[in-house]
Amino acid sequence: MNVLIASSEAVPFCKTGGLADVVGALPKELEKLKVNVSLILPLYRIIKREGLKKMDLSFTVPISDRTEEASIWKGKTGNNIPVYFIEKDKYYDRPELYQTAGGDYPDNAERFIFFSRAILEALKAINLKPDLIHCNDWQTAMVPIYLKTLYRVDPYFKKTSSLLTIHNLGYQGIFWHFDMHLTGLGWEYFTIEGIEFYGKINLLKGGMIFSDIINTVSRTYSKEIQTEKYGFGLDGVLRKRKADLYGIINGIDYDEWNPETDKSIPARYSLDNINGKALCKKTLQREMGLKERGSPLIGMITRLTSQKGLDILSESIEDLMQLDLQLLILGEGEERYHRTISDISERYPDKIGLKIGFDPILANKIYAGSDFFLMPSRYEPCGLGQLISLRYGTIPIVRKTGGLADTVKEFNPKSPHPLFTKGGQRGISGNGFLFEEYSAKALLKSVKKAVSLYQNKNMWKSLLHNAISSDFSWGASAKKYLSLYRKAIKMVGKRI
């Protein structure tokens with residue numbers, strides 16, 4: 001099976017969020033399953049050219065009523081997965097991937113419509129014929145549309161199927177209808193059954209309609225987005241395609257996220273020898289200007305937005321400060337939350353450590369040095385933070401939604417569960433704390449429960465065991481993706 005993964009970002013080349021982590025980690029596991037997998041990305045300014053080779057060819061890409069010439073570079077991941085890069089400086093030689101501090105690039109529609117069509121033209125130029133193109137989010141959602149419209153009669157793609165992964169339905173690629181000419185499609189596709197969405201074009205909607213298979217990044221989220229509450233206006237489209245909609249939880253790369261080998265943290269540790277975690281905590285407290293004390297330390301690495309629960313956190317923060325705990329926050333986002341958290345950290349300098357921005361080294365130190373990891377999200381398609389925190393023995397406190405509901409189970413000291421047993425011994429079920437109602441009151445109650453259990457050292461030891469023993473590596477998820485690839489390929493066979 002030949003699979004091309006098309007994405008607007010992937011580690012280690014370029015990253016703004018969890019999409020890059022997924023696209024960077026999944027191919028390695030697919031290769032273990034004997035899939036011939038390759039990646040294709042835009043060649044952004046941020047991507048280092050060392051180790052890449054410009055291919056001795058160029059090709060043209062139709063866009064609107066003209067064609068643009070593009071080039072291809074080739075490289076490899078650290079695991080020797082082939083990676084192709086579309087070079088077009090007009091679109092991708094910019095300081096950031098999608099936006100600057102002033103907002104989105106105004107020509108994002110053109111940039112990524114071009115990228116989607118360039119993917120198909122590049123495949124013909126390099127003579128790579130995939131059985132399936134695995135697309136990700138709105139930036140590549142035009143690929144499934146093109147396969148069933150402009151390229152439907154192209155013999156080169158006669159047996160090529162598509163799968164579209166929705167990483168976050170909140171981002172859909174919505175642009176004004178005057179950008180329709182960029183697609184090369186006729187106005188017959190600007191309808192409610194096509195890419196029209198309240199008088200605008202919606203690239204993700206079109207990809208959902210035309211792709212062979214759709215999946216989201218957790219089972220619970222795949223159900224949530226079929227409701228009006230979480231569907232962002234597309235719940236009806238998703239219900240129509242319910243038979244072809246699946247949920248596969250993301251994994252994390254356990255080689256990359258490993259407290260036994262992580263050189264960015266002050267001390268290494270493991271389930272069998274947890275002592276190093278205490279040193280990580282003390283070092284983190286000093287670095288963030290907090291007193292070294294035995295109070296539970298709660299970490300947050302997040303975008304400071306309402307989606308991530310900053311509204312209910314802000315509402316509960318004064319009550320949280322009355323508890324015996326310390327809070328660390330790393331992130332950036334909406335200015336109103338910058339001000340709120342900054343103000344309260346100035347009032348409680350011995351209890352709150354704050355860094356506005358993103359620092360990957362500090363992030364690892366927070367995962368390793370915190371006792372708890374807080375994710376009070378309004379919605380969360382999958383979430384990687386809770387998976388990493390479990391790996392580092394940092395107990396998640398999360399709202400029960402999306403991937404958080406699928407990966408964090410309420411700690412129950414009275415209930416044995418085989419999922420969290422090791423060596424034939426009976427274990428205690430659960431690996432974290434959850435609250436369901438989206439409110440400051442529910443968040444505060446869950447934190448109080450977690451802080452209370454922290455004082456019980458025997459229970460705490462069991463909880464740490466469960467957390468670190470939880471397995472969310474990519475192996476099982478990759479097998480599920482392989483199953484979806486096979487379903488999609490069979491669907492093409494029925495069309496021929």
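This is a predicted model: local features need pLDDT of at least 70, side-chain atom pairs count only at pLDDT 80 or more; totals for chains, interfaces and linings use all residues.
Strand β1 covers residues 2–6, and helix α1 covers residues 18–32. Pro12 sits in the loop between these two elements. The peptide bond that leads from Val11 into Pro12 is cis. Its omega is near 10°.

Move on to the next loop, the one between α1 and β2. Lys34 lies there. Its phi is near 70°, a positive value in a residue other than glycine. Is Lys34 buried or exposed? Lys34 has a relative accessibility of 72%, so it counts as exposed.

Next come the strands around β5. Strand β5 takes in residues 82–87. Five of its six residues are buried, so β5 is largely enclosed by the rest of the structure. Which way do its partners run? Strand β2, residues 36–42, runs parallel to β5. Four bridges join β2 to β5. Across this pairing, Pro42 stands opposite Ile86 in β5. Strand β4, residues 66–76, runs antiparallel to β5. Here six bridges join the two strands. Ser71 has Glu87 of β5 as its bridge partner. β4 and β5 also form a hairpin, with five residues between the strands. Asn80 lies in that turn and has a positive phi of about 65°.

Setting aside residues up to four places away in sequence, Gln99 touches Asp104 and Tyr105.

Helix α3 spans residues 108–126, and strand β8 spans residues 132–136. Asn127 is placed in the loop between them. Asn127 has a phi near 60°, again positive in a residue other than glycine. With a relative accessible area of 63%, Asn127 is exposed.

Now turn to the open sheet. Six strands make it up, in the order β17-β16-β15-β18-β19-β20, and their pairing is parallel. The edge strands are β17, residues 352–356, and β20, residues 433–435. Each of these pairs on one side only. From one strand to the next, the twist averages 15°. Val398 stands opposite Leu434 in β20.

Helices pack on this sheet. Helix α10, residues 310–320, lies across β15, β16, β17, β18 and β20. It runs at about 135° to β15. Helix α16 packs on the sheet too, touching β18, β19 and β20. The direction of α16 makes about 80° with that of β19.

Thr305 lies in the loop between β15 and α10. Its relative accessibility is 14%, so Thr305 counts as buried. Which residues does Thr305 contact, leaving aside neighbours within four places in sequence? They are Leu310, Glu334 and Tyr337.

Finally, look at the empty space. Rolling a probe the size of a water molecule over the atoms shows where such space is left. The structure holds one cavity of 30 Å³ or more. The largest cavity has a volume of about 30 Å³. Ile298, Leu320, Met321, Leu325, Leu327, Leu374 and Val447 line it. By class, this lining has seven nonpolar residues, no polar ones and no charged ones.

The second largest pocket holds about 340 Å³ of space. Its lining counts 16 residues. Lys277, Ala278, Asp371, Tyr454 and Trp460 lie nearest its centre. Two or more lining residues come from each of α9, residues 276–287, and α16, residues 457–469. Which element gives the most to this lining? Helix α9 does, with five residues. By class, the pocket lining has eight charged, five nonpolar and three polar residues. Helix α16, a contributor to this pocket, is also the helix that touches β18, β19 and β20 of the sheet.

How values were computed. Residues are numbered from 1 along each chain as its sequence is written. Side-chain values use heavy atoms; hydrogens and water are left out. On a 1 Å grid over the protein atoms alone, a cavity is a set of points where a 1.4 Å probe fits but cannot get out, and a pocket is an open set with protein on both sides within 12 Å along at least five of seven lines; lining residues have an atom within 4 Å of a point. Grid points are joined across faces, edges and corners, and a volume is the space filled by probe spheres set on the points. Ala, Val, Leu, Ile, Met, Phe, Trp, Tyr, Cys and Pro count as nonpolar, Asp, Glu, Lys and Arg as charged, and the others, Gly among them, as polar. Two strands pair if DSSP finds at least two bridges between them. Axes are lines fitted to C-alpha atoms, for helices over the stretch in contact, and angles run from 0 to 180 degrees between N-to-C directions. Contact means heavy atoms within 4.5 Å. Buried means under 20% relative accessible area, exposed over 50%, partly exposed in between (1.4 Å probe, protein chains only).
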